Amino acid sequence: MNMVKKFFTHFEENVCILFLGTMVMALTLQVFMRFVLSSSLAWTEELSRYSFIWSVYMGGVLAVKHGQHVRITAQFLLLPPKVRVLIRVFTDLLWMAANFFIAYQSGLVLQDAFAFPEVSPTLGIVKGYVEAMLPASFLLMNVRLVMQYWDLLKNNDLMSLAQIGGGEA
């Protein structure tokens, strides 16, 4: 069980490392092929593009996990801390609802992507696998948000949400 917990604790970091590393290696190989061997490999461009897409969305999840996503909070400095917490919880609930909506809608599109598969020209994979990152990342953002709130409630530290410019888990 400890290994599963460790895997899930660093899941986003490991996925980002995997896809960013894949992208860099594919682009490096392409540069080497073009400038040293005066040839090219068509599949490296496609692989690097797909790796970039996956790393960007997983990077968004990573930002949520570490509380480093963009928030505009300066306007709340004039409010009492309890009101700040209420607004923060409310806006996070709205955000989670938006994440569910995006995941649901992209899931519907994904059903079509697998029902009528479009195969990538050089790698020969169904593009639905690349597009699957969209619903997966938005659902994982919600998982990480719920985990943050669970930790705050468990540690009786919900008032830390009143801190402006920090305090995220």
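Predicted model: local features only at pLDDT ≥ 70, side-chain atom pairs only at ≥ 80, totals over all residues.
Helix α1 covers residues 2-9, and helix α2 covers residues 11-35. Their axes are 4 Å apart and the two helices pack at an angle of about 60°. An angle like that is neither parallel nor perpendicular in the terms used here, so α1 and α2 are described as oblique to each other. Want to find the spot where they touch? On the α1 side, look for F7, F8 and T9; on the α2 side, look for F11, E12 and E13. Sorted by class, this contact has 3 nonpolar, 1 polar and 2 charged residues.

Now follow α2 onward to its other partner, α3. How do these two helices sit relative to each other? Their axes come within 8 Å and cross at roughly 155°. Angles over 145 degrees count as roughly antiparallel, and α2 and α3 therefore fall into that group. Their crossing is left-handed. The residues in the contact of α2 with α3 divide into 16 nonpolar, 7 polar and 4 charged.

Between α2 and α3 there is a loop, and S38 is found in it. S38 has a phi near 50°, which is a positive value in a residue other than glycine. Is S38 buried or exposed? With 66% relative accessibility, S38 counts as exposed, since the cut-off for that word is over 50%.

You can find a second case of this kind in the segment after α6, where N156 sits. N156 also has a positive phi, near 50°, and N156 is not a glycine. The relative accessible area of N156 is 73%, so N156 is exposed.

Time to look inside. The largest nonpolar core has 13 residues, and those with the most contacts inside it are M58, V61 and M141. Which elements give two or more residues to this core? They are α2, α3 (42-65), α4 (81-115) and α6 (133-154). The largest share, 5 residues, comes from α6. Apart from this core lies another one, of 5 residues, among them V85, Y149, L161 and A162.

Let's zoom in on V61. Not counting residues up to four places away in sequence, V61 touches E12, S137, L140, M141 and R144.

S137, another partner of V61, belongs to helix α6. The relative accessible area of S137 is 0%, so S137 is buried. Leaving aside its neighbours within four places in sequence, S137 is in contact with Y57 and V61.

Last stop: H69, in the loop between α3 and α4. What does H69 touch, leaving aside its neighbours within four places in sequence? Its contacts are A63, V64 and W95. For a sense of scale, H69 and Y104 are 35 residues apart along the chain, and their C-alpha atoms are separated by 22 Å.

Notes: Residues numbered from 1 in each chain as written. Heavy atoms only, no water. Axes fitted to C-alpha atoms, helices over the stretch in contact; angles between N-to-C directions. Parallel < 35°, antiparallel > 145°, perpendicular 65-115°, else oblique. Contact = heavy atoms within 4.5 Å. Nonpolar A, V, L, I, M, F, W, Y, C, P; charged D, E, K, R; others polar. Core = buried A, V, L, I, M, F, W, Y, C linked by side-chain atoms within 4.5 Å. Buried < 20%, exposed > 50% of the residue type's maximum accessible area, 1.4 Å probe, protein only. Left-handed = near helix turned anticlockwise from the far one by under 90°.
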